Every structure is written in C-alpha cells, then in structure tokens.
Amino acid sequence: MSLATQIQNLKGPLIAALAFEKREAELAEEMGPEALQFGRLFVAPSASIKQNLVWCQNLWPETLLLPCPSITQGASSLKSLSPRWALYSYENHRRAQLIQEKLKTWALGEIKFLQDFDKKTFGAWTLLEKDWILACTKPLGVAPLGEFQFMENRQFPPTRAYLKLWETFTFHLHPPEKLAQVMDLGSCPGGWTWVLQTLGCQISSVDKAPLDKKIASLPRIQFLKKDAFALKPDEVPPLDWLFSDIICTPERLFELVQSWRASGRVKNFVCTIKFKGKTDFSMIEKFQKIPGSRVIHLLHNKHEATWLCVEKPYWR
Ligand SMILES: C[S@@+](CC[C@H](N)C(=O)[O-])C[C@H]1O[C@@H](n2cnc3c(N)ncnc32)[C@H](O)[C@@H]1O
C-alpha cells in the first residue's frame, strides 16, 4: 500500500509531530499504535493524541495531503497556501529540494537570550513520496521545524549546560524577577548559577563539587558545599525558584521535589529529569500530574526532560 493511501486510511483530521533527534522511539510511544512514521515525522488522527507530547520538537496540527504530479505543481500548491515554507526532508531529497527552491523560506538564524520574536506566517512540509506532499500551514512555535541556534557565550560559562536555562527562559517561561531568591541544586561547574546571576537573582548554589572560580567570585552567589539531598527546606530562606540539574534517578528527584513542595517554601521549580538507558514514562507521568506542571524536552537536553512547575504569570 502506498504511503499516501496509508495516510488516507487514517480517520478524521490529522496531526503530525516531528521528533527531536534520536528521540523517535519516545515519540512513537507517545503517538500510539495508529501513528505512521516517516523518518522523524509521525502522523496520526488528531483525536488519538490526548497528551502534551514531551518528545515532539515541532507539532503540525491540521496536516494536509496534497498531490504533487510535478515539481512546479507541487511548489504552486504550497505557494497558494502560505508565503513561506520550511522543509523536513526524509526521502526523495533532490526532488524535495527542487520544490523548496521555488518557495520562500524562513529561518530564525542565531538568536539572543530572551529575544522577542515576531511570529511570521510560515508552513512546514515534507515530500512523503515522489508525488505526494504532507503539509501544515500553521505549525506551532516561532522556529521553523522547532530549530534554532543561540548566539552562544563561548568565553564565560564553563560548559554548554547554561543553554538549557537560556532555552527555558527564551521559549517557555518568563525569567525570575531581579533579586528573586533562588536555589541551584547540583550547580557545579556553574552555568545555571551564572545565568541566574546575570538575571539579578540572589542565589544559593549547592553542589558537592566546587564552583568554577570565576563564577564563585560573582556577587549575590552563596555557595554551599553540600549534599543536595541532605539539605532541609527550613535551613534556607523561602525560595521564589528552585532549580535542579543534579545527576540522579528520576525517582530520587521526585522525592526531593515532593519534600520541597510539601514545605510550602518554594514558588516555582525548573528541574532536569535525567534518564539512564530506557526512558521511564511512568516517572514522566508522575511529574506531569503535579499541579501547575509541564514536562518538556529541550533542544539542549540530552537524554533528559525538563520539569517546569510555576505560578501562572511565568508561562510564556
Ligand atoms: C550536570 S552537572 C550540573 C551542571 C550545572 N547545571 C551547570 O550549569 O554547570 C550535575 C551536578 O550534580 C552534582 N551532584 C550530583 N549529586 C549531587 C548531590 N547529591 N548533591 C549535590 N550535587 C550533586 C554533580 O556534582 C554535578 O556537578
């Protein structure tokens, strides 16, 4: 059966979801058994997708199947639907590229931390097989295919871990206010602490290992050389934000955040859930069920997900 026929056999409006690189297996699990896979792209009936997709880099609601009898006709069908297009190419690369060359495109280019974006109108498409196009005129998000690159700071932060917080605050959450009281657990060598310092926060930075010297000497940082799991909520002032990038099992992190939540002394949380081997979907579900939560995978996450739990004003 042709791919187009398989798609036509799916019932009702369709949704497509592009997996993050190397996270196809996780997205396949989330999309369910009805979904069809084309490289990193999964297509399923919209009605079968009920949850927020953690492992989806770019979501294409209301995906359409368009005939593509020739390069010119394929390009003109797309042009009639949207001024600009981003191509996800997984097969028939040359033909897809020739169609894309007839279209206007759009890329975010290198972006700055906390940059504001004008939402441009653009679509996303793929050449499913030689003579069928799968297209969406309103993919979610500001970045075509969910791809972007930061103008990185290659001088100051000791590693690239700081990009996880840059991405969180540029795309998902408004950053903490100046002089917010925050704690950074598992902070060494100090990228997250540095980001929070640049935002004007007052930081308790906690790790068993030492902070990078140039970060430790910045103002408003108190370094506590401690086991984060031994620290009790009433040993520190009430917190506007608690951050954790500790290397530990999802179970240990869950117990840790539950004890801080139970204390009532933390308003907002940003924590990395780290996986070893198989991704633990049952633990992701436990984090998702905490009121006010979202679990997302960031472009800068490795085999990790990020748990966000914040008061309403902070969602972007
Ligand atoms: C991925 S690194 C954190 C990177 C950091 N966010 C940054 O931007 O530089 C994980 C850190 O967790 C720390 N860690 C692991 N177990 C810990 C524990 N029980 N208490 C405190 N820190 C711990 C490690 O020492 C390590 O520095």
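This is a predicted model: local features need pLDDT of at least 70, side-chain atom pairs count only at pLDDT 80 or more; totals for chains, interfaces and linings use all residues.
Two strands are taken to pair if DSSP finds at least two bridges between them. At the E13 end of the stated order, strand E12 (residues 202–207) runs parallel to E13 and is joined to E13 by five bridges, with Ile203 standing opposite Ile221 of E13.

A separate description applies to the open sheet of four strands, in which the pairing is antiparallel and the order is E2-E3-E1-E4. Here strand E2 (36–38) and strand E4 (56–60) form the edges, each pairing on one side only, and neighbouring strands are turned by 25° against each other on average when direction is ignored. The pairing of strand E1 (residues 14–19) with E4 is antiparallel and extends over four bridges; within this part of the sheet, Ala19 stands opposite Cys56 of E4.

Helix packing was examined for helix H8 (residues 250–263) and helix H9 (residues 281–288), whose axes lie 10 Å apart at an angle of about 15°. Because angles under 35 degrees count as roughly parallel, H8 is described as roughly parallel to H9. The contact between the two helices involves Pro250, Glu251, Leu253, Phe254 and Val257 on the side of H8, and Met283, Lys286 and Phe287 on the side of H9. The crossing in which H8 passes H9 is left-handed.

The loop between strand E16 (293–296) and strand E17 (304–309) contains His303. The side chain of His303 makes a polar contact of 2.7 Å with the side chain of Thr279.

The peptide bond from Cys188 to Pro189 is cis, with omega near 5°, and Pro189 itself is located in the loop between strand E11 (181–185) and helix H6 (191–198). Positive phi values are found for Glu62, at about 50°, although this residue is not a glycine, and for Leu114, near 65°, which is likewise a residue other than glycine. Glu62 is placed in the loop between E4 and strand E5 (64–67), whereas Leu114 belongs to the loop between strand E7 (110–111) and strand E8 (123–129). With regard to solvent accessibility, Glu62 has a relative accessible area of 64% and is therefore exposed, the cut-off for this class being over 50%. Leu114, at 30% relative accessibility, counts as partly exposed, since this class covers the range between under 20% for buried residues and over 50% for exposed ones.

Note on methods:
Residues are numbered from 1 along each chain as its sequence is written. Side-chain values use heavy atoms; hydrogens and water are left out. A polar contact is a pair of N or O atoms within 3.5 Å; within protein, one must be able to donate a hydrogen and the other to accept it, and residues adjacent in sequence count only if both atoms are side-chain atoms. Axes are lines fitted to C-alpha atoms, for helices over the stretch in contact, and angles run from 0 to 180 degrees between N-to-C directions. Buried means under 20% relative accessible area, exposed over 50%, partly exposed in between (1.4 Å probe, protein chains only). Angles under 35 degrees count as roughly parallel, over 145 as roughly antiparallel, 65 to 115 as roughly perpendicular and the rest as oblique. A crossing is left-handed if the near helix is turned anticlockwise from the far one by less than a right angle, and right-handed if clockwise. Contact means heavy atoms within 4.5 Å.
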